Amino acid sequence: MATSSLFKWRHFLPEIILLNVRWYCRYSLNYRDLEEMMQDRGVKVDHSTINRWLLKYAPELDKRIRRYLKPTNDSWKTDETYIKIKGKWKYLYRAVDSAGNTLDFMLSAKRDGKAAARFFRKVLKGQHTQTPRVITVDKNAAYPVAIDALKADEAIKKETELRQSKYLNNVVEQDHRNIKRIVKPMMGFKSFNSARRTLSGIEAMNTIRKGQVKGIEQGSSVSQAKFIEALFGIAA
């Protein structure tokens, strides 16, 4: 989608829109926090408008950064964490490599072999991921079912090792914390679709924060902001 049409009829500068999306997905803020922060800067914008920006541009951010991600290694750490949607718990599948770099994520209504297999297939499609040598998971019985299905379809090699060990999966369990820290002020999501779109932006910013984007220094918020503006074609 062309940048000019992407921001058409928004009535705010693209820089303002992306600033709010970036902050919401990066820090522990809610929409009213951002509304107040914008007012302090002389920009009057309703929190519901910021919500619409987030749902529109967070998935676009996730989509656009993927071609710039550094290659990850072939040791996968996979786990799922809980996300509350309309008062009910759903499942966010997440995978990182042995260095803690994000491989991919997927929100699912179910926690079973089919969902796990679908998630692994998504990870395998990534331009920055490798076919796994070893996949470390917890004791969830759904994972062996998923791996058997992938091997039967020759999506992964038969030599790929599935290692079920909660202790060895601490890398991905620790990585959940940043996502949970940002989601907590949101007090749960109102719909599965809004959760999926919001989480895509949070995961994208988490990936950028960890230094996985080529040419962007880890911890440099200035270079991260410039990179995102360049992604959307609005860099000065």
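Residues are numbered from 1 along each chain as its sequence is written, and side-chain values use heavy atoms, with hydrogens and water left out. Because the model is predicted, local features need pLDDT of at least 70 and side-chain atom pairs count only at pLDDT 80 or more, whereas totals for chains, interfaces and linings use all residues.

Secondary-structure elements are DSSP runs numbered from the N terminus, namely helices (H or I, at least four residues) and strands (E, at least two). Five strands form an open sheet in the order E3-E2-E1-E4-E5, and the pairing is mixed; two strands are taken to pair if DSSP finds at least two bridges between them. Strand E3 (102–108) and strand E5 (161–164) are the edge strands, each pairing on one side only. From one strand to the next, the twist averages 25 degrees. Axes are lines fitted to C-alpha atoms, for helices over the stretch in contact, and angles run from 0 to 180 degrees between N-to-C directions.

Strand E1 (residues 75–85) and strand E4 (residues 134–137) run parallel and are joined by three bridges. Within this pair, Ser75 stands opposite Val134 in E4. The pairing of E2 with E3 is antiparallel, with six bridges, and Val96 has Thr102 in E3 as its bridge partner. E2 and E3 form a hairpin in which four residues lie between the strands, and Gly100 in the turn has a positive phi of about 90 degrees. Seven of the seven residues of E3 are buried, so this strand is largely enclosed by the rest of the structure. Here buried means under 20% relative accessible area, exposed over 50%, and partly exposed in between (1.4 Å probe, protein chains only).

Helix H8 (residues 192–209) lies across E1, E2 and E3 and runs at about 170 degrees to E3. In helix H9 (221–231), the buried residues are Ser223, Gln224, Ala225, Phe227, Ile228 and Leu231. The cover over these residues includes H2, H4 and H8. Gly233, which follows H9, has a positive phi near 70 degrees.

Grid points are joined across faces, edges and corners, and a volume is the space filled by probe spheres set on the points. A search of the whole structure finds two cavities of 30 Å³ or more. The largest cavity holds about 70 Å³ of space, and its lining includes Asp62, Arg66, Asp104, His128 and Glu203. Helix H4 (47–65), E3 and H8 each supply at least two residues of this lining, and E3 gives the largest share, four residues. By class, five nonpolar, three polar and four charged residues line the largest cavity, where Ala, Val, Leu, Ile, Met, Phe, Trp, Tyr, Cys and Pro count as nonpolar, Asp, Glu, Lys and Arg as charged, and the others, Gly among them, as polar.

The second largest cavity contains about 30 Å³ of space and is lined by Arg22, Arg26, Tyr27, Met205, Ser221 and Gln224. Helix H2 (14–26) and helix H9 (221–231) are the elements that give two or more residues to this lining, which has two nonpolar, two polar and two charged residues.

Lys86, in the loop between E1 and E2, has a phi of about 50 degrees and is exposed, with a relative accessible area of 63%. Glu154, in the loop between helix H6 (142–152) and E5, has a phi of about 60 degrees and counts as exposed at 68% relative accessibility.

Methods
Contact = heavy atoms within 4.5 Å. 1 Å grid on protein atoms, 1.4 Å probe; cavity = no way out; pocket = protein on both sides within 12 Å on 5 of 7 lines; lining within 4 Å.
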